[in-house]
Amino acid sequence: MEWIDIGVNLTDTTFDHDQQAVLDRAWQADISQMILTATSLATSHQVQQLCNDLPSRLFCTAGVHPHQARDWTDELAGEIRRLAQAECVKAIGECGLDYNRDFSPRPQQVKALEQQLQLAVELRLPVFLHERDASTVLAEILKDYRDHLPAAVVHCFTGEKSALHAYLDLDLHIGITGWICDERRGTHLQQLVANIPAGRLMLETDAPWLLPRTLRPKPKKGRNEPAFLLEVAGLVASCRGETLEQLAEHTTRCARTFFDLPANHSLQPS
């Protein structure tokens, strides 16, 4: 089997001391390729440096998370535009709206999102979207851009049925993480995930966050990593009535098409 993790925060400091070991465990778990998530100008630089070391296996996004939208300026927009033209960049983002924590003023979140959507249209790149407690607003904004965007994925979907169907009606893709394994807040996803058509579903860890709570034994300090994608996959496959092989085939094909990734002919460490 072959898997693609579409959301890994490999620049997080929790990976500083054993980054290569984390990658080696991922390759051993048949994680063929990864999309490294950028959330700021600094991480947009950092993920590209990591991708340069493994150009057939690591790819990335370029963009600014809504938590950092307060820092958005025309100068920053120009820097993201420049970085987004690198060959390893496969999507604009992580961008979107977070009305749960509101770390940035909402008008500034909307401005940063809309300008990144415009950039995605200009560069013909898909969009890697973040959304918390803002599905109605996000869907309304996307309606004005969707016909011109190549594609868009709602990363780490955690919403309810109405939000899922609103996103599917906009022909968006859906990313599922270990949130589905959380008995406190993710059980509703176990019913909803069966409603996501094959070809629109992708899997991600969002490592080091969202460690699947069903994982045994639990790693020290609760850090998630790409090798644990299989824990998410096992539950998703069960909820969809699919075998792991079936799920791996269509989610990997979907991710490779969405992000325009080259085929990876070897699952051995590079």
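Hi everyone. Please keep in mind that we are looking at a predicted model.

Let's start with strand β4, which covers residues 89-98. How many of its residues are buried? The count is 10 of 10, so to speak a strand that is mostly covered.

Now look at the strands beside β4. Strand β3, residues 58-62, pairs with β4 in the parallel sense, over three bridges.

Which side chain of opposite charge is nearest to aspartate 98? That is arginine 132, 5.4 Å away. A salt bridge has to be within 4 Å, and aspartate 98, although buried, has none.

What does the side chain of aspartate 98 have close by, then? One of its polar atoms lies 3.0 Å from the backbone nitrogen of asparagine 100. The backbone nitrogen of arginine 101 lies 2.9 Å from a polar atom of that side chain. Leaving aside neighbours within four places in sequence, aspartate 98 is in contact with Pro66, His67, Gln109, His130 and Arg132.

Now for the backbone. Most residues other than glycine have a negative phi, and most peptide bonds are trans. With that in mind, let's visit some spots to check on screen.

Where do we find cis peptide bonds? One runs from glycine 93 to glutamate 94, with omega near 10°, and glutamate 94 sits in strand β4. Another goes from arginine 216 to proline 217, with omega near -10°. Proline 217 is in the loop between β8 (201-203) and α8 (229-240).

Then the positive phi values. Cysteine 156 is not a glycine, yet its phi is about 50°. You can find cysteine 156 in the loop between β6 (152-154) and α6 (161-169). Is cysteine 156 buried or exposed? It is buried, with a relative accessible area of 0%. Aspartate 206 is not a glycine either, and its phi is positive at about 60°. Aspartate 206 lies in the loop between β8 and α8, and at 9% relative accessibility it counts as buried.

Key:
Residues are numbered from 1 along each chain as its sequence is written. This is a predicted model: local features need pLDDT of at least 70, side-chain atom pairs count only at pLDDT 80 or more; totals for chains, interfaces and linings use all residues. Side-chain values use heavy atoms; hydrogens and water are left out. Buried means under 20% relative accessible area, exposed over 50%, partly exposed in between (1.4 Å probe, protein chains only). Helices (H or I, at least four residues) and strands (E, at least two) are DSSP runs, numbered from the N terminus. Two strands pair if DSSP finds at least two bridges between them. Lys and Arg count as positive and Asp and Glu as negative; His and the chain ends are not counted. A polar contact is a pair of N or O atoms within 3.5 Å; within protein, one must be able to donate a hydrogen and the other to accept it, and residues adjacent in sequence count only if both atoms are side-chain atoms. Contact means heavy atoms within 4.5 Å.
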